[in-house]
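Dear colleague,

Please find the sequence and structure below. My notes on what was found follow directly after.

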Amino acid sequence: MDPSDRRDYGVSPTHRPAGAALAALPTVAELLEDPAFRAGLPEVVVGGPALEAPVRWVHTSERSDIARMLEGRELLLSMGTAWPEDDASLTRLVDSLAEAGIAALVLELGTRYTVPPTAVVEAARRHGLAFVLLHRETRFVTLTEAGHHRIIAGQMAALRARDEVRETFTSLALRGAPADHVVRELARALGAPVVLESLAHEALIAEIPTGAEQAVLGDWERRSRAAHREPDEDGWVVVPVDARGKRWGSLVALPGPAHPAGRANVLSQGAIALALGRLADGGRDEWATLARRHVLDPLLAGRFATPEAMAARLEAAGVPVTDRLLYGLALRGGEPSPAEIEAWALGIGGRARALATTGRTGGPLTVVLLSMPAHRPLDDALTAALQRALRDSARVAITVGHQADEVDAATLSLHEAIDNAGEPAAGTVLWVDRRPLARLLSGLRDDHRLLDHGERVLSPIVEHDQRTGGDLQRVLRAALAHPGNRTAAARAAHLSRSVFYQRLELIEGLLGVDLEDGETQTALHIALLARPGSRD
C-alpha cells in the first residue's frame with residue numbers, strides 16, 4: 001500500500017491536510033535526519049517509499065488500542081510496554097495503525113524489547129508502513145518538540161509562500177498583464193514548463209526552455225487528454241481557467257520541483273489572473289492573437305533550436321506538420337481577419353495560423369502558415385475560395401510561397417511570400433513558384449553581394465525619391481513589369497503616358513542607362529527585387 005494513500009483525508013482540511021498542505025509537511029525520512037532523532041540511533045526496518053510519507057504530528061503512546069484515537073499521518077513513538085504478548089494480537093495492532101493511516105511507527109528498544117517483534121516487522125512490511133527502531137534511550141518529549149517545530153515551521157513557510165503567490169498574481173491581474181506574461185511568471189515560479197491550452201487541447205501559449213519543445217510538446221493532445229483524465233499521474237498539474245460559469249481553457253504545469261505554496265495552488269492563482277483578463281477583454285480574444293504570435297514569430301525569426309522542435313510547437317498548436325503540405329502566404333491591402341483566414345483553411349480541409357503584422361517597409365501585412373493534407377495541394381480554386389471568404393477581397397493582394405513539406409522549407413516559403421507581397425495588384429494572387437526569378441532572389445535575400453548590387457544600381461533614384469518624395473522606384477517597377485508595353489506600364493504606375501515618359505527619361509539620366517537594353521532591364525529588375533522591403 002502506498003503510504004500516502006492509506007486513508008481519505010478530505011473531511012477536515014485543517015486537521016487532515018491534502019494537496020498543497022501535504023507538500024509543506026516534513027516526511028518521515030526528513031524527521032529521522034533531525035539531530036534529535038539521530039541521537040536515538042535510528043534504524044529503518046521497513047522503509048523505501050514509506051519514508052516519503054508526510055508527517056502531520058508526532059504522538060507518543062503505549063496503548064494497544066491507540067489506533068481509534070488517531071486521525072492519520074502521525075509518527076507514533078512507543079516503547080511497546082503495553083503491547084500484547086501474542087503474535088496475532090501484535091499483527092492486529094499494526095493492522096489497526098495502518099488502517100488509521102499513520103505515517104510511521106517508531107519503537108525504542110531497551111525497555112521491553114531488545115529486538116523488534118517479528119510479527120510487527122512482517123505486518124509493517126505487508127502494509128508498506130515505515131517501521132523504525134531507536135537503539136538509544138531518548139526523551140520522547142525532545143522528539144515530539146523537534147518534530148512539531150519542523151511541522152509548524154513548514155506550515156508557516158507554506159502560508160507565507162501562498163501569500164506571496166497570491167500577491168504576485170493579483171498584482172498581475174490588476175495591471176492587466178497579458179496572458180503570455182502570466183504564463184511566463186508561472187513557469188518561473190514553478191521552475192517547470194507551463195502551457196496555456198484551449199478547450200480543444202491546443203497549446204496556445206507555452207513557456208518552455210529552448211530546445212525542450214519536443215520533450216514538452218511532442219504528442220501534446222494525447223498526453224494532455226490523459227493528464228485531464230488522471231491528474232498528477234505523471235507529475236502534471238492541470239487547473240481550469242474559468243469564471244462566471246464559462247470555461248476558456250486550462251493551465252498545465254509539467255513535472256518540476258515542489259513549491260512551498262503547492263504547485264496546484266500556484267497554478268490556480270495564475271488561472272484566476274488569466275480569467276480576470278478574459279473578463280476584461282471586451283471580446284477581443286487576446287489569447288488567440290498571442291497564440292498566433294507565439295507560433296509564427298519564432299518561425300519567421302528562426303528562434304528555434306531544431307526543425308523538429310519547431311514542428312513539435314506547431315503540432316501542439318494545432319498546425320500539423322508530419323505528412324502535410326505547408327505553404328507560406330502573405331496578404332497585403334484591405335483588412336483581412338486572421339479568424340476568417342483560419343476559418344477558410346478549415347473549410348478546405350486544412351489548418352492555418354494567420355497573424356496581422358507589418359511588412360519589410362512598415363506597411364500592414366497578414367502572414368499565414370497553411371497546412372494541407374498531402375493529397376490536397378493548394379491550387380487556384382482554393383485560393384479563389386480564400387478571396388471569396390475575405391470581406392474586402394477586391395482590395396487584398398495574395399502572395400503564395402512555394403510548397404514545402406518540413407519546417408525549414410516552410411520558413412523559406414513564408415519569407416518568399418513576404419518578400420514578394422508588393423508584386424501582385426489588389427484582388428489578384430501571385431504564386432512565387434510561377435516567378436522563378438523572384439523565388440531565386442528570395443532564397444538569396446540576405447546575400448551581401450546581392451544587397452550591394454541593389455544599392456549600387458538604384459541608389460541615385462532611391463536618394464532622389466527620398467529627397468523629393470518622388471515615385472521613380474514605382475515607375476521603374478511598372479516599366480520592368482510591362483516591357484515593350486509602355487501604355488500598360490503607365491497605367492500600372494497610375495500616370496498619364498506623357499508624365500510616364502518624363503519619369504523614364506529622368507530615371508535614365510540619373511542612372512546613366514538605356515532602359516531599352518535587355519541586360520540593363522535584367523540588372524535593374526534584380527536590383528529592385530533584391531532591395532529590402534521594396535516589394536511589400
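**The open sheet**

An open sheet of five strands runs in the order β1-β5-β4-β3-β2, with mixed pairing; two strands count as paired if DSSP finds at least two bridges between them. Strands β1 (42-46) and β2 (57-60) stand at the edges with a single partner strand each, so one side of each has no neighbour in the sheet. From one strand to the next, the twist averages 25°; axes are lines fitted to C-alpha atoms, for helices over the stretch in contact, and angles between N-to-C directions run from 0 to 180 degrees. Helices (H or I, at least four residues) and strands (E, at least two) are DSSP runs, numbered from the N terminus.

This is a predicted model, in which local features need pLDDT of at least 70 and side-chain atom pairs count only at pLDDT 80 or more, while totals for chains, interfaces and linings use all residues. Residues are numbered from 1 along each chain as its sequence is written, and side-chain values use heavy atoms, with hydrogens and water left out.

Within the sheet, strand β3 (residues 74-78) and strand β4 (residues 104-108) run parallel and are joined by four bridges. Leucine 76 stands opposite leucine 105 in β4. Helix α5 (residues 118-127) packs on the sheet, where it touches β1, β4 and β5 (130-134), and its direction makes about 65° with that of β1. Contact here means heavy atoms within 4.5 Å. Helix α6 (residues 140-175) also packs on the sheet, touching β2, β3, β4 and β5; the direction of α6 makes about 165° with that of β2.

**Strand β9 and its partners**

Strand β9 (residues 246-253) is mostly covered, with six of its eight residues buried. Buried means under 20% relative accessible area, exposed over 50%, and partly exposed in between (1.4 Å probe, protein chains only). Strand β6 (residues 194-198) pairs with β9 in the antiparallel sense over five bridges, and serine 250 in β9 is the bridge partner of glutamate 197. Strand β8 (residues 237-243) is likewise antiparallel to β9, over seven bridges; valine 238 stands opposite valine 252 in β9. The hairpin of β8 and β9 has two residues between the strands, and arginine 244 takes a positive phi near 55° there.

**Salt bridges**

A search of the whole structure finds 22 salt bridges, each defined as a side-chain nitrogen of Lys or Arg within 4 Å of a carboxyl oxygen of Asp or Glu. One of them joins glutamate 213 and arginine 313 (3.9 Å, N to O). This pair links distant parts of the chain, 100 residues apart: glutamate 213 lies in helix α8 (residues 213-217) and arginine 313 in helix α12 (residues 307-316). Both glutamate 213 and arginine 313 are buried.

Salt bridges that share partners join Arg63, Asp65 and Arg68 into one network. Aspartate 65 meets arginine 63 at 2.9 Å, N to O, and arginine 68 at 3.5 Å, N to O. Arginine 63 is partly exposed at 37% relative accessibility, and aspartate 65 is partly exposed at 33%. Arginine 68, with a relative accessible area of 63%, is exposed.

With kind regards
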